[in-house]
Every structure is written in C-alpha cells, then in structure tokens.
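Subject: Structure for you to look at

Dear colleague,

Here is the structure I said I would pass on. Please open it first; my notes on what was found follow below.

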Amino acid sequence: MFKKFGAAVLTLCLLAGSVLAQDGDQAALAPPPPDQQYKTNIIRVSPTTAMDVGVGFGLGYEKILGQSQMIGIVLPVFMLLEKKDNYTFDVPYKGSKYYTYVYFTPGIKIYPMGQRKVTYAVGPNLMLGYGGGNDWQYQIEPDGSQHLYSVKTTRWRLGLLVNNYVNIQVSPSFNLGLEGGLGLRYLDRVTYSGSDAYSAFAGNGQSNYGVDITGQFSLTLGYRF
C-alpha cells in the first residue's frame, strides 16, 4: 500500500512542478486584485480515501488566510474501515468483518503561487486515529484446547504527515483535488477488553507498536464560499 502512496505523492509533485513552471513567467507572488480573488472558505468531500488502517471517505473544512491567499488551515475528518478475519471453530480465518475508525488530520497548507485555476500546496498534518470493534478471537491454550473469546479491541494512533495537494478550480465555486502524503506514526496502541483470558495472553490487555511509516491518498470535491 505504501508503494501506492509513494507513487501518488510523486505524481502530485510532478504535476505541481508543471504548474509552477507555467506560472513562473507571471507575477505569481503578487496577490490578485480583490475582485479576482477566490473565496476563502472551502468545504471538501472525499469520496475515496486510503490511509494506513484502511479505506473510507472524509469531510473537511479549509480557511484560507491573508490577502495573498497563500496560507490555509485545514480540518479534515475521515471514516475508515479495516478488514479483519472472522474466526470460527469450523474453518478458522474464513470470512471477514470490519473495524471502524475515525481519523482527524488538522494541518497547514502553503500555496507557493497563491490561488490559481490550478494550484499546488504542501504542508504538515497531525494525524489522530481512534477506533476498533468487537471480534471473536481464536486461541489455542497451553493444554491444546481451542477456544473462541469475545474481545473488544480499541486502537489509538498518533503521527505526522507531510501532504502534497493539487487542486483544479473547475468554476469559481467548485474544485477537484488530489491529496497525497507520507509521514511517521509515533504511537500505535491497541487495548483488549471483554475477555480476561485473552487480555492476559495479549500482554496485560495492551499492545504497543513502534514507530512506522504512514500515508494518505484522497480524491476530493470542494465547494468555495
């Protein structure tokens, strides 16, 4: 999956380079006249989003600041699904179910060329993730017996992303966008509850994972007002 993230980021950077080259012959850093400036509030819907835990959709708000319109504050929220094996006695690992997660990724966007028909932006995003689900966990005991335990798993994730953005302003009010980024996940903690036996087996009911690579890719539809 992360190879796909990397390819998406590379594509965004190549597109951005083309945009910057085209605008380089213009007075790009000068703010446009007030009557030609784009509106500074944007609501975005992301019908397709892929992140480290799974795929889903999102909704976000952006506020663009200043007369030059080169800085934006973004507040995206995503609902994601993680596919999990559904254990049974008869055929272990057959079937599947989904855990649900909510990710909040506030951040800052920097528009080097300001707001244009086609714009590029880059910036850091904090990544906060929370979710999980109920599952039957299949376990072989030390005496060789087999049991299914009902377990609730809860996962917390914290990381930092550097996102690249390419937006196409289809009309003064509507835009299309691609977003892709890579970063590091610093916290990945899973807790187990509902089964004392399984919690003890899993390590006092909690597992902590180390630092790892994380990423994001989204398609967006935006409305400016």
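The largest cavity in this predicted model has a volume of about 170 Å³. Its lining is made of 20 residues, and those closest to its centre are Arg-44, Gly-60, Pro-76, Glu-179 and Thr-220. The largest share, five residues, comes from β2. Sorted by class, the lining has eight nonpolar, eight polar and four charged residues. A search of the whole structure finds two cavities of 30 Å³ or more. As for the approach, rolling a probe the size of a water molecule over the atoms shows where empty space is left.

Now the chain as a whole. Two helices and 10 strands are present, and along the sequence they follow the pattern α-β-β-β-β-β-β-β-β-α-β-β. The chain has 225 residues, of which 42% count as buried. Its accessible surface comes to about 11900 Å², and carbon and sulfur atoms account for 64% of that. If you take the contacts between residues at least 6 apart in sequence, 66% of them join residues at least 24 apart.

One residue in a loop is also worth a look. Gln-69 sits between β2 and β3, and its phi is near 55°, a positive value in a residue other than glycine. Most residues other than glycine have a negative phi. Is Gln-69 buried or exposed? With a relative accessible area of 3%, Gln-69 is buried, because the cut-off for that class is under 20%.

Finally, the confidence of the prediction. The average pLDDT over the chain is 81, and 73% of the residues score at least 70. Two stretches need care. Over residues 12–17 the pLDDT stays under 50, and the model shows nine contacts there beyond four places in sequence. Residues 19–29 also have a pLDDT below 50, with 11 contacts in the model beyond near neighbours in sequence. Where pLDDT is low, the predicted coordinates should not be read in detail.

Best regards

Note on methods: Residues are numbered from 1 along each chain as its sequence is written. This is a predicted model: local features need pLDDT of at least 70, side-chain atom pairs count only at pLDDT 80 or more; totals for chains, interfaces and linings use all residues. Side-chain values use heavy atoms; hydrogens and water are left out. On a 1 Å grid over the protein atoms alone, a cavity is a set of points where a 1.4 Å probe fits but cannot get out, and a pocket is an open set with protein on both sides within 12 Å along at least five of seven lines; lining residues have an atom within 4 Å of a point. Grid points are joined across faces, edges and corners, and a volume is the space filled by probe spheres set on the points. Helices (H or I, at least four residues) and strands (E, at least two) are DSSP runs, numbered from the N terminus. Ala, Val, Leu, Ile, Met, Phe, Trp, Tyr, Cys and Pro count as nonpolar, Asp, Glu, Lys and Arg as charged, and the others, Gly among them, as polar. pLDDT is the predictor's confidence in each residue, from 0 to 100. Contact means heavy atoms within 4.5 Å. Buried means under 20% relative accessible area, exposed over 50%, partly exposed in between (1.4 Å probe, protein chains only). Accessible areas come from the Shrake-Rupley method with a 1.4 Å probe; for residues, only the protein chains shown count as cover.
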